[in-house]
Structure formats: C-alpha cells, structure tokens
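Welcome! Here is a short tour of one protein model, taken a piece at a time. Have a look at the structure first, and then read on.

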Amino acid sequence: MGAKITYAVTAAVLVVYFVLVGSRGVMLIQSGTLLTVTFGGAVLILPVIGIWFLWKNTQFVQRANRLAAELDAEGGLPVDELKRTPAGRIDRDSADEVFAQRKAETEDAPDDWRSWFRLAIAYHDARDTPRARKAMQHAIALHDGKPVRA
C-alpha cells in the first residue's frame, strides 16, 4: 500500500509541475516576440512528454497489478523464499538461485504469461530492473494476446 501512495503522490506532484511549466510556456508565447514564442513552444514540449511518460508508466503498473491479482487468485504468485541479510536486503546468491529456477521455468513454457511474470519478479529481486520491466511487458503482452517481440 505504501508504494501505491508514493506513486500517487509523485504523480500528483509531477502533474502540478507540468501545469506550472505549461503555464510558463503559454506566458512566453503570449509575449509575442520571436525568441519568447520559440522558447515557449520548446517549454510546452516538456510537459507533453512528461504526461505521456507518466501515462504509459501508470498503464504499465495497472496492467502488472491486474496480472498479480489474477495470479494471486489462482494461487500462483511466487513464494518469497529468498534469504535476507541482517539489514533486510535480499541476499544476492539466494536471488541468483531463484532466478535460475524461474528462467528454467520460462524456457520450459515460453508462451505462459505466468512464468514470465514470475521471471520478472526474479529479475527484480536480482536488482535487474530493466530486464524485470521487459519480462513484465512480455507477460502482459502474452496475457492480452498481443504479438510479442523477441
């Protein structure tokens, strides 16, 4: 629940920031000189890109949460079997062992979104966020019946 609150607060702050930046861009355009209109147009591009990025990330999180809920209802969420350091961090060797298991499961069932979901969790536990995100996107695409890029 804490992650959801943090995400919502961060998104709200970003939206406020986008509004402020956008209003400055409009003010620059309203000044009417060639230089301020050019800068105003450039400034307006930043909130557009930011809103698009925020929207895409929000969609990704919602889809991943939907898959997690479905997998939880089936009883297929991975059990946290990772060893932890005294500080509570995941032990690297333990994460590597679980990752090897999840990778083997995914290789045995490459068209099963469930195995890709569990592989994404293993990547995340192994602190490989870019691959975790790609594996989750793969799981989402398989679940939704969309074409999957290799």
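Predicted model: local features only at pLDDT ≥ 70, side-chain atom pairs only at ≥ 80, totals over all residues.

## Helix α5

In α5, the buried residues are A132, A135, M136, H138, A139, I140 and A141. They pack against two other helices, α2 (34–74) and α4.

## The nonpolar cores

The largest nonpolar core is made of 17 residues. Within this core, L67, W113, F117, Y123, M136 and A139 have the most contacts. Two or more residues come from each of α2, α4 and α5, and α4 contributes the most, with seven.

Setting aside residues up to four places away in sequence, M136 touches F60, A64, F117 and A120. Another core, of five residues, lies apart from the largest one; its members include L82, I90, A95 and V98.

## A closer look at S115

Our last stop is a serine in helix α4 (residues 113–125), S115. Is S115 buried or exposed? Its relative accessible area is 3%, and buried means under 20%, so S115 counts as buried. Beyond its neighbours within four places in sequence, S115 is in contact with E105, T106 and A109.

Definitions and conventions
Residues numbered from 1 in each chain as written. Heavy atoms only, no water. Helix = DSSP H or I, 4+ residues; strand = E, 2+ residues; numbered from the N terminus. Buried < 20%, exposed > 50% of the residue type's maximum accessible area, 1.4 Å probe, protein only. Contact = heavy atoms within 4.5 Å. Core = buried A, V, L, I, M, F, W, Y, C linked by side-chain atoms within 4.5 Å.
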